[in-house]
2 protein chains.
Amino acid sequence: MLLYDNTLSGNCYKVRLLFAQLGLDYDRREVDVFDRSDRPEVLGELNPALRVPTLVLDDGSALAESNAILFYFSEGTALLPEDRLERARVLQWLFFEQYSHEPYIAVARFWAHAGITAPAAERQAKLRGGTAALKAMEGHLAQRVFLVGQRYTIADIALYAYTHVAPEGGFELVPYPAVGAWLERVRQQPSHVTMTG
Amino acid sequence: MLLYDNTLSGNCYKVRLLFAQLGLDYDRREVDVFDRSDRPEVLGELNPALRVPTLVLDDGSALAESNAILFYFSEGTALLPEDRLERARVLQWLFFEQYSHEPYIAVARFWAHAGITAPAAERQAKLRGGTAALKAMEGHLAQRVFLVGQRYTIADIALYAYTHVAPEGGFELVPYPAVGAWLERVRQQPSHVTMTG
């Protein structure tokens with residue numbers, strides 16, 4: 001398999017972390033996240049959304065969207081519940097991540113890495129949205145060990161990716177002790193790899 | 001089942017359309033999308049993201065995120081492929097919808113309905129993002145009858161919801177003839193219901 005990847009991207013890191021934990025081999029090709037001008041040429045035939053990660057499977061066909069890739073490869077493993085309702089709750093958290101978490105916490109971090117100073121109103125909107133996401137996680141994790149079904153699943157992988165680097169975008173995690181304890185539990189899972197390793 | 005619902009919301013409409021096509025009965029409770037001040041009280045115990053749709057199942061537990069609800073109820077029906085890779089491609093389009101489509105096309109429409117005049121830069125950003133989403137759909141549908149596997153699935157339900165009302169947010173659909181033909185095919189499916197019906 002060939003992963004169109006980026007080292008800085010939490011969305012790509014999700015896939016690398018899952019593949020490490022499942023022991024899957026793949027090649028990787030780094031795609032620029034700052035200069036996106038070559039995206040139509042590089043990804044146009046593979047992914048209509050022109051995003052990374054995009055994965056080329058062994059049969060030559062492509063699969064995209066980080067959380068769809070997580071779901072595909074975790075089916076039939078301990079990282080995705082067999083119970084239909086628990087599987088749907090995993091998906092609930094995956095959609096939460098892409099709609100209510102990533103657009104705030106990942107984008108604020110991207111701005112910091114890219115040296116972008118957004119207008120004050122936009123920065124405030126990112127801060128509000130990201131804080132709401134972290135509060136939602138804190139409330140949920142206060143009573144739980146992992147996000148779904150009291151065990152480590154791809155929901156934890158998906159939310160870990162950008163939450164653990166949220167401070168890089170200006171989100172302090174100290175006010176969220178249940179999130180902090182959960183991050184540590186995720187890090188303690190067998191075969192965990194870091195974003196840069 | 002009890003659906004926390006809103007008549008104007010495309011995300012809620014997805015669930016109503018699926019339930020109509022599966023012949024599922026449910027009660028509904030309208031939740032305001034303009035004044036969201038009662039959300040913590042109404043939805044706080046049910047959905048950390050405080051969004052609609054939120055569904056209370058017969059056992060009293062809750063399931064949220066429109067596309068997670070679609071997946072849960074379509075498993076084992078003709079609306080979700082049995083093939084694992086095709087199922088993942090359905091998910092790819094569901095995540096595309098929530099990340100690359102809804103935040104532009106649905107929000108521009110919401111602004112129009114709410115009488116909000118956003119700053120010019122924000123309106124331009126919505127126009128750019130929504131146009132990119134429609135172009136991605138047009139390119140994909142130019143060679144296909146439905147989004148995944150040449151048959152009607154929940155991917156079509158999810159993308160139909162806000163695409164067919166995109167003009168309400170200022171997106172003309174005339175430049176996207178393959179999208180237009182696909183919208184008509186979706187409307188022709190058995191037991192189709194409209195957003196207001």
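Domain bounds, as used in these legends, come from an automatic or database domain assignment. The views show a predicted model, in which local features need pLDDT of at least 70 and side-chain atom pairs count only at pLDDT 80 or more, while totals for chains, interfaces and linings use all residues. Residues are numbered from 1 along each chain as its sequence is written, and chains are lettered from A in the order in which they are written.

**View 1. The two domains of chain A.** Chain A is divided into domain 1, residues 2–74, and domain 2, residues 84–187. The C-alpha centres of these two domains of chain A lie 21 Å apart.

**View 2. The side of domain 1 of chain A that touches domain 2.** Twelve residues of domain 1 of chain A are in contact with twelve residues of domain 2 of chain A, where contact requires C-beta atoms, placed from the backbone, to lie within 7 Å. On the domain 1 side, the elements giving two or more residues are α1 (10–22) and α3 (66–74) of chain A, helices being DSSP runs of H or I with at least four residues, numbered from the N terminus. The largest share of this side, six residues, comes from α1(A).

**View 3. Packing of α3(A) on α4(B).** Helix α3(A) and helix α4 of chain B (residues 84–114) pack at an angle of about 155 degrees with their axes 8 Å apart, the axes being lines fitted to C-alpha atoms over the stretch in contact and the angles running from 0 to 180 degrees between N-to-C directions. The two helices are therefore roughly antiparallel, a term that applies to angles over 145 degrees. In the contact, A:Asn67, A:Ala68, A:Phe71 and A:Tyr72 of α3(A) meet residues of α4(B) including B:Leu91 and B:Phe95.

Definitions and conventions. Two residues are in contact if their C-beta atoms, placed from the backbone, lie within 7 Å. Angles under 35 degrees count as roughly parallel, over 145 as roughly antiparallel, 65 to 115 as roughly perpendicular and the rest as oblique.
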